[in-house]
Every structure is written in structure tokens, then in C-alpha cells.
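Please read the following notes alongside the coordinates; they are set out as numbered points, each on one feature.

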Amino acid sequence: TKCEEIGPVLEGHLYTVCPMAIPALSLKQTSAVAGDVGNDENDLMESLGMIKDKHGEFESFDKFLNRTEGLISIMADIMSSLPSDHTLLGGHRGALTWLLRFMDLIPPAPASPL
């Protein structure tokens, strides 16, 4: 059975609930205004996809990591599933591209002790 409409819907949903699922480097610049320091942290947490509760507090970082790990694992399972020529989430070829993009985002190791 084939359902070609599910790919874009699934990809859009995964990105909505877990922006970290799409390896990208945000180039958005924010201006640091006096008294505006807390907004930079809030902007970062929102861009990572951390969820706010009804009181406006962000989820714990542990909860965020567990949720992100689960969603990334689901994506990896889908991409590596059979048949090997499927294209859902890019299929097997998409999995390699996805992994390479993550590896490109990792900063280089420091050349000298910190």
C-alpha cells in the first residue's frame, strides 16, 4: 500500500513538535538590549521546541531531551525501515543526508585546553 500524502504531513508535524529533527543552524540575530537578557534564553528555548505549560514555564531540560530523543528515534526507525527503496522522510538516502547535516553542525574540538 502507498500513501504519498503522508510524507509531507508527517515531516511537517515532526518539525512542529521537534524543530531539532531538522538539522539547521539559525542565523537569526537578536539585539541585546539592557534588561532584555531573559528574552534571549526564552527565544533559544522556543527555537529548540521546548514546551511551555499553562503557567508559561518551560518544560525541564531532561523532559525536553527525552521527548526529542523519542521523536528522533521514530524518525530514524522510519528512514531505515523496509522496503529499502521507500521515500518516507527521505528513505535510506535521506537518512545519510540527515546524519551528515547533524555532523556538520557539531563545532570543531578546541585546539587548546579551555
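1. Glu59 counts as buried because its relative accessibility is 11%, where buried means under 20% relative accessible area, exposed over 50%, and partly exposed in between, with a 1.4 Å probe and protein chains only. The side chain of Glu59 meets that of Arg67 in a salt bridge, at 2.6 Å from N to O; the term stands for a side-chain nitrogen of Lys or Arg within 4 Å of a carboxyl oxygen of Asp or Glu.

2. On the basis of these values, please note that this is a predicted model, in which local features need pLDDT of at least 70 and side-chain atom pairs count only at pLDDT 80 or more, whereas totals for chains, interfaces and linings use all residues. Residues are numbered from 1 along each chain as its sequence is written, and side-chain values use heavy atoms, with hydrogens and water left out.

3. How many salt bridges does a search of the whole structure find? The search finds two, and one of them joins Lys52 to Glu46, with the closest N and O atoms 3.3 Å apart. Lys52 counts as partly exposed at 41% relative accessibility, and Glu46 is also partly exposed, at 44%.

4. A search of the whole structure finds one aromatic pair, and the rings of Phe61 and Phe64 have their centres 5.6 Å apart and their planes at 40 degrees, so the pair is tilted. Rings of Phe, Tyr and Trp (its six-membered ring) pair if their centres lie within 6.5 Å, with planes under 30 degrees apart counted as stacked, over 60 as edge-to-face and the rest as tilted. Both residues lie in helix α3, three residues apart, about one turn of the helix; helices are DSSP runs of H or I, at least four residues, numbered from the N terminus. Phe61 is partly exposed at 45% relative accessibility, whereas Phe64 is buried at 4%.

5. The largest nonpolar core has nine residues in all, including Leu14, Cys18, Leu71 and Trp98, and α3 gives the most to this core, with four residues. Such a core is a set of buried Ala, Val, Leu, Ile, Met, Phe, Trp, Tyr and Cys residues joined through side-chain atoms within 4.5 Å. Apart from it lies another core, of five residues, among them Met45, Met50, Phe58 and Phe64.

6. His86 lies in the loop between α3 (61-79) and α4 (91-105) and counts as buried at 15% relative accessibility. The side chain of His86 reaches the backbone oxygen of Ile78 at 3.0 Å.

Key
Helices (H or I, at least four residues) and strands (E, at least two) are DSSP runs, numbered from the N terminus. A polar contact is a pair of N or O atoms within 3.5 Å; within protein, one must be able to donate a hydrogen and the other to accept it, and residues adjacent in sequence count only if both atoms are side-chain atoms.
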